[in-house]
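Here is my note on the model you sent. Please read the points with the structure open beside you.

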Amino acid sequence: MQVKTDFDMVVIGGGIVGLACAYKIASVHANLRIAVLEKEGRLAAHQTGHNSGVIHSGLHYEPGSAKAATCTAGREELVEFARSHDIRHDICGKIIVATDPSELPALERIHRNGLANGVEGLERIGPERIKEIEPCAAGIAALHVPSAGIIDFVAVANKLAELIQEASRRNKVLVYHLVLGFDKHDFYTNVRTTKGTFSTRHVINCAGLQSDRIARMDGIDPPVRIVPFRGDYSVLSSGAASKVRNLIYPVPDPRFPFLGVHFTRMVDGSVECGPNAVFAFKREGYRKAEVSFRDTWESLSYPGTWLLFARHWRYGLGEYARAFRKRLLVGQLQRLVPSLAAEDIQPGNAGVRAQALGPKGNLVDDFKIEVRGNAIHVLNAPSPAATASLAIGNHISQLATERFGL
Ligand SMILES: Cc1cc2nc3c(=O)[nH]c(=O)nc-3n(C[C@H](O)[C@H](O)[C@H](O)COP(=O)(O)OP(=O)(O)OC[C@H]3O[C@@H](n4cnc5c(N)ncnc54)[C@H](O)[C@@H]3O)c2cc1C
């Protein structure tokens, strides 16, 4: 039976961005009736539940960008949120390690960005101090970032859902609600789902890997296409986990918005290494062999994808080779932690990044949020959007207040 339910605001996507937006709007506008619609049977089922669990500090991002602004502000708010709601986290710090002189200019640039973005406590360190912080790591220079940390993002998402529903008994966070399409009317939209139709005055699209499709359902032609990039993780065996105390990162290749294969101590004490970045044949496929013909067709029929391949084929092939040949991955990890052996590294989970790609093959680096009519579409929210989620929520709440006259 189709149920028709009236809401003021429907947020599509029960990942950390959708939940943070709904939470912030609910905090400011207690009179609004808000529904968060999530297609899976649990919250944080995709990017939010498949990431590195790192609280970023904001040093990788171009000063003045939305990423820089929201990461720095969002980090502080997230840590405060975790403290007040008893969510597992640890501000353990990280080091970004240069292992070759050719990486020093990029390390310098990250340092300058960090200072410009107001990241606290940054310190350029040498090989001896690297050893004091991470006894098994090796490098010629590094940046020590004491404000970085680790957190359980799934627990954050679940707590946000709880608070949204506590803010008003009329608010709902609903799983198993796959959004199928919209029927637009003058003053409201009917959002059709697998569990009935929701009539609403406003829509916020936070559908992550599906955000461009939701935008198209709303009748707009988004200026970007989501192209999925899978990231495979490995885990250190229990015997080798002590070789990494906290977070050890390489100097990232400045041409790509990915941070490179790093070591992360998770909140449960295990140590992950990864993720790589390979073109994925399925938007929500977490195994190497998973293919969706629809997803692959949509990626490969987009001219931007071929322009990206043409420009970066060498990097792409290298990532593929490391995904399939453990020896190459081990070599990459040994640059940061030389005593690691192949048997220390075991297969782990994977995540898929929703990476917005422009028609000219440009990887859209910054967050991309567009207002169209009665809808706000979050078209690109890659890393550090989990760290920045509460600040993104503030921004969208403000945008909705102004543009929708709430
Ligand atoms: C491998 C990897 C590592 C990362 N590491 C970090 C990190 O350490 N720190 C950090 O800050 N960030 C990190 N990120 C980035 C961060 O995880 C994402 O930016 C963030 O989770 C995005 O949240 P989201 O809510 O936009 O997307 P998602 O978490 O993907 O949520 C979108 C939701 O929308 C739902 N949805 C989609 N279509 C529909 C539909 N039609 N109907 C209803 N629901 C729908 C999906 O099921 C999903 O739950 C990482 C990302 C990846 C992939």
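1. Which backbone atom of G53 lies 3.5 Å from an oxygen atom of the ligand, and of what kind is it? It is a backbone N or O atom of G53. That is a polar contact (a pair of N or O atoms within 3.5 Å; within protein, one must be able to donate a hydrogen and the other to accept it, and residues adjacent in sequence count only if both atoms are side-chain atoms).

2. Before going on, note that the model is predicted: local features need pLDDT of at least 70, side-chain atom pairs count only at pLDDT 80 or more, and totals for chains, interfaces and linings use all residues. Residues are numbered from 1 along each chain as its sequence is written, and side-chain values use heavy atoms, leaving out hydrogens and water.

3. E38 uses its side chain: an N or O atom there is 2.6 Å from an oxygen atom of the ligand. K39 uses its backbone: a polar atom there is 3.1 Å from a nitrogen atom of the ligand.

4. Taken alone, the ligand exposes 1000 Å² (Shrake-Rupley method, 1.4 Å probe). The protein buries 97% of that.

5. Helices α2 (residues 66–84) and α10 have axes (lines fitted to C-alpha atoms over the stretch in contact) that come within 7 Å. They cross at roughly 100° (on a scale from 0 to 180 degrees between N-to-C directions). The two are therefore roughly perpendicular (65 to 115 degrees).

Technical notes: Helices (H or I, at least four residues) and strands (E, at least two) are DSSP runs, numbered from the N terminus. Angles under 35 degrees count as roughly parallel, over 145 as roughly antiparallel, 65 to 115 as roughly perpendicular and the rest as oblique.
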